[in-house]
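Thank you all for making the time this morning.

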Amino acid sequence: MISDEIQELENRAAAAVNRQERIDCLNALAWALHRRDIERGMTLAEEAFRLCYTGEYAKAPYQRGLADSLLAMARLHLRRAQHDLALGKAQEAQSLCHELHHTLGLARALGVIGITNCRLGRYDAAVTVLFEELRLFQQISDRFGEAEAYNHIGVAYASAGESQRALYYFDQSLQIDREVGNRYGEAILLHNIGTYHAGLGRYPEALEYGAHSLEIFRDIHDRAGQALALSGIGETLSHLGEFREALVYLQDAWQINHHLGLVSPAIHNLQIIGL
């Protein structure tokens, strides 16, 4: 579960025996916290960034650490819908990762750049970048990342109104997530496919996918995911004229997001794995 991953990272950061190990642990924790605690994630990424060019690294900064700190900050800015900041940090990270031959970092940077372009309505640019993200994840045989990239491409096509293409890439992502046992990714994809059906007026199908997504998010204790699924179900119910029931779901979603300090999923109903 996500909470188990974060606890393990917390333990590793607390037990770090040298500066490089601490930087790496702080960056990994900041990357993982984007769905649970944006403010703390940003604080940790900024601390890691400072550690990369002070003390023993004052004369020769720890470049890999700087790149990963920039990636975490970019991802967190995207979660805050601070698109200019997200794009700037991701492009800095992209350049640094390219110099370092840091393929995982480069793929992650492209993911943030692609989705940020998508949010800004630059769909052609987004798709081009996201196919390169997919290629890099496939190059390093990262199946979780491959699923993430397929979902990103699906989101870009869905946002551009190309529903059939979007569904194809959502299905590709869902298959991989089920193959590798990524329940969080599966829940995201079920939500996205439900949103796809809702956009075509297929509200019963949308509710079915939404309910399944919510069930998984509850099973894995992902509060941000629960808010996302609740919001999607609420919006679908409102389209069906079930306004009182819809209001219950939307209020529950708002309360969770308010508590977590997250942008409401009503603003960006298609969700991004890893972002």
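Predicted model: local features only at pLDDT ≥ 70, side-chain atom pairs only at ≥ 80, totals over all residues.

Ile 188, His 191 and Ala 198 in helix 10 meet Leu 228, Ala 229, Gly 232 and Thr 236 in helix 12, where contact means heavy atoms within 4.5 Å, and where helices (H or I, at least four residues) are DSSP runs numbered from the N terminus. Residues are numbered from 1 along each chain as its sequence is written, and side-chain values use heavy atoms, with hydrogens and water left out.

Two packed helices are described by the angle between their axes and the distance between the axes. For helix 10 and helix 12 the angle is about 15° and the axes lie 10 Å apart, the axes being lines fitted to C-alpha atoms, for helices over the stretch in contact, with angles running from 0 to 180 degrees between N-to-C directions. That makes helix 10 roughly parallel to helix 12, a term that applies to angles under 35 degrees.

Staying with helix 12, we also find Gln 226 there. Is Gln 226 buried or exposed? At 10% relative accessibility, Gln 226 counts as buried, since buried means under 20% relative accessible area and exposed over 50%, with a 1.4 Å probe and protein chains only. Leaving aside residues up to four places away in sequence, Gln 226 touches Leu 214, Phe 217, Arg 218, His 221 and Ile 256.

Ile 256 brings us to helix 13, where it is one of the buried residues, together with Ala 246, Ala 253, Asn 257 and Leu 260. They cover an arc of only 100° around the axis, which puts them on the same side of helix 13; the arc is that of the directions from the helix axis to the C-beta atoms. The buried residues of helix 13 pack against helix 12, whereas on the other side of helix 13 Phe 243, Arg 244, Trp 254, His 258 and His 259 are exposed. Just after helix 13, Gly 261 takes a positive phi of about 70°.

Finally, helix 9 has buried residues that include Tyr 169, Phe 170 and Asp 177, and its buried residues pack against helix 7, helix 8 and helix 10. Helix 9 is followed by Gly 181, with a positive phi near 75°.

Notes:
Helix = DSSP H or I, 4+ residues; strand = E, 2+ residues; numbered from the N terminus. Parallel < 35°, antiparallel > 145°, perpendicular 65-115°, else oblique.
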